[in-house]
Amino acid sequence: SLSPSLSLSLAGTLQARAMSKLALFVDSALGQRDEAMVYFKRAAECDPANPDHPHNLAVHLEEAGRFDEAAAQYKAAIAAGPLHGPALSNYARLLYRHYRDKESALKFHQRAVRAMPYDPEICYNYALFQEEAMRHYGWAKDFYDRAVAGSPKDPSIYITAAAFYLRRLRDKGKCMELHRTALRLDHDHVPALLSYAHFLEFDRKDTSNAANYYQRALEVKEAEPEAAAEALSEAARFMQDKCAETEKARQAVRQALGRRPAAAGTLATCARLVLDIDKDQDAAMAVFTASLERTDLTSDQRFEIHLAAARFIEAECEGAEEKAGEHFREALRLRPEDPRGIAAYAGLLAGFYSDPVLADKYYRQAIKLEPGNPEALLGYARFINSVKKQPLEAEH
């Protein structure tokens, strides 16, 4: 017979598995994320030696915007399994995306790749990091290729790799091939349909086929509200810009906003269309403020919305620079070390606020945080050129 300690261990393992399965069912079938996290937590408590349980809990905490708790659970998973590739990789992603800790993120990404060098998700996360944070495009290409070679089941991996090939390498053939692979995996994958439609519209100048793919994205049944809102907003933009079908575009924008989107890109598209179609600055700015009234947004989502609102208002809304400044300052309160927000606000400081001393400080801070940030570098070069005959009144 089993010893008492072994019996307890086995019982804990079996109970943990049951809790984990229950959590997955409650989350995927019933959509009860908070209840699912209760069961994931119980699973981790029942079998603390298994890194899968705290990792599952961490993933769901991160999705809910509870980043500090997620980080603690990722660390618990890594402590239980130092070679647990998914925990190492996802923790690395969180360290850079949310905490902007590039050095620590690199170390954990490298540990993940050493632990599981050909896992598609791990290679994909590392490729994204090399592209976005390190700007080492050779390494990024190698790991995107490795991720795709692993035949992942997630279409998003293929369309992100496609965007890299198009944006960095100007390889339209590879971009098309990767999009088609994504759509063979899931012909109703809305982000893949929209991405391919964009490619056809802007890079192949094939508006007829682009229209077909925008329409296909609109016709996907049971699409997630965020994906449906993006499809509607992109279809509205296409109708307005390419087909001059203003009334159809107006209706599509209203339908998109009716889905209550939280994605900054979708909101910016809708706001631009409201301004273009109705010539109403207040209504365009209200697109962002209405979204910010949601109580279920994460801090990162709020940051992205405030940043998108500030950029839009500064560029498109006459006489509303102070409102843009309010959104910039709120974005920086949420993420004070994000170089995108710092560099963008520096531009407003230099222009509308006519404060070259503070603008210089902000540009320098953005470049220090991310030396390769193109917005900061270009903005600072323009700023220096504009004030080179007017020496700053402060030491830096």
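This is a predicted model: local features need pLDDT of at least 70, side-chain atom pairs count only at pLDDT 80 or more; totals for chains, interfaces and linings use all residues.

Visitor: Why is Phe 238 called buried?

Guide: Phe 238 has a relative accessible area of 6%, and buried means under 20%, so the word applies to Phe 238. Not counting residues up to four places away in sequence, Phe 238 touches Glu 201, Thr 207, Ala 210, Ala 211, Tyr 214 and Cys 243. Within the chain, Phe 238 and Ala 228 are 10 residues apart in sequence, and their C-alpha atoms are 15 Å apart in space.

Visitor: How do you know that Glu 234 is buried?

Guide: The reasoning is repeated with another value: Glu 234 has a relative accessible area of 9%, which is set against the limit of under 20% for buried, and therefore Glu 234 counts as buried. Glu 234 is placed in helix α13, which covers residues 225-242. When its neighbours within four places in sequence are left aside, Glu 234 is in contact with Leu 194, His 198, Tyr 214 and Thr 269.

Visitor: What makes α13 and α15 a crossing pair, and which hand does the crossing have?

Guide: Two packed helices are described by the angle between their axes and the distance between the axes. For α13 and helix α15, residues 264-278, the axes come within 9 Å and cross at roughly 35°, and α13 passes α15 in a left-handed crossing. On the α13 side the contact includes Ser 233, Glu 234 and Arg 237, and on the α15 side it includes Thr 269, Cys 270 and Leu 273. The residues of this contact divide into 5 nonpolar, 4 polar and 6 charged.

Visitor: Which residues touch the most other members of the largest nonpolar core?

Guide: That core has 70 residues, and those touching the most other members are Tyr 91, Phe 108, Tyr 144, Val 190, Tyr 196 and Tyr 213. Taking Val 190 as an example, and not counting residues up to four places away in sequence, Val 190 touches Ala 217, Val 220, Ala 223, Ala 227 and Ala 231. There is also a second, separate core of 53 residues, which includes Leu 232, Val 253, Val 274 and Ile 342.

Visitor: How many aromatic pairs are there?

Guide: The count comes to 17 aromatic pairs.

Visitor: Why is the pair of Tyr 144 and Phe 164 called tilted?

Guide: The ring centres of Tyr 144 and Phe 164 are 5.0 Å apart and their planes make an angle of 40°. Rings pair if their centres lie within 6.5 Å, while planes under 30 degrees apart count as stacked and those over 60 as edge-to-face, the rest being tilted; therefore the two rings form a pair, and the pair is tilted. Tyr 144 lies in helix α8, residues 137-149, and Phe 164 in helix α9, residues 155-169, so the pair ties together parts that are 20 residues apart in sequence. Tyr 144 counts as buried at 1% relative accessibility, and Phe 164 counts as buried at 0%.

Visitor: Why is Ser 151 called partly exposed, whereas Lys 205 is called exposed?

Guide: Exposed means over 50% and buried under 20%, with partly exposed in between. Ser 151, at 48% relative accessibility, therefore counts as partly exposed, whereas Lys 205, with a relative accessible area of 63%, is exposed. Ser 151 is found in the loop between α8 and α9, and Lys 205 in the loop between α11 and α12.

Visitor: What is phi in Ser 151 and in Lys 205?

Guide: Most residues other than glycine have a negative phi. Ser 151 is not a glycine, yet it has a positive phi of about 50°, and phi of Lys 205, also a residue other than glycine, is positive and near 55°.

Key: Residues are numbered from 1 along each chain as its sequence is written. Side-chain values use heavy atoms; hydrogens and water are left out. Helices (H or I, at least four residues) and strands (E, at least two) are DSSP runs, numbered from the N terminus. Buried means under 20% relative accessible area, exposed over 50%, partly exposed in between (1.4 Å probe, protein chains only). Contact means heavy atoms within 4.5 Å. Axes are lines fitted to C-alpha atoms, for helices over the stretch in contact, and angles run from 0 to 180 degrees between N-to-C directions. A crossing is left-handed if the near helix is turned anticlockwise from the far one by less than a right angle, and right-handed if clockwise. Ala, Val, Leu, Ile, Met, Phe, Trp, Tyr, Cys and Pro count as nonpolar, Asp, Glu, Lys and Arg as charged, and the others, Gly among them, as polar. A nonpolar core is a set of buried Ala, Val, Leu, Ile, Met, Phe, Trp, Tyr and Cys residues joined through side-chain atoms within 4.5 Å. Rings of Phe, Tyr and Trp (its six-membered ring) pair if their centres lie within 6.5 Å; planes under 30 degrees apart count as stacked, over 60 as edge-to-face and the rest as tilted.
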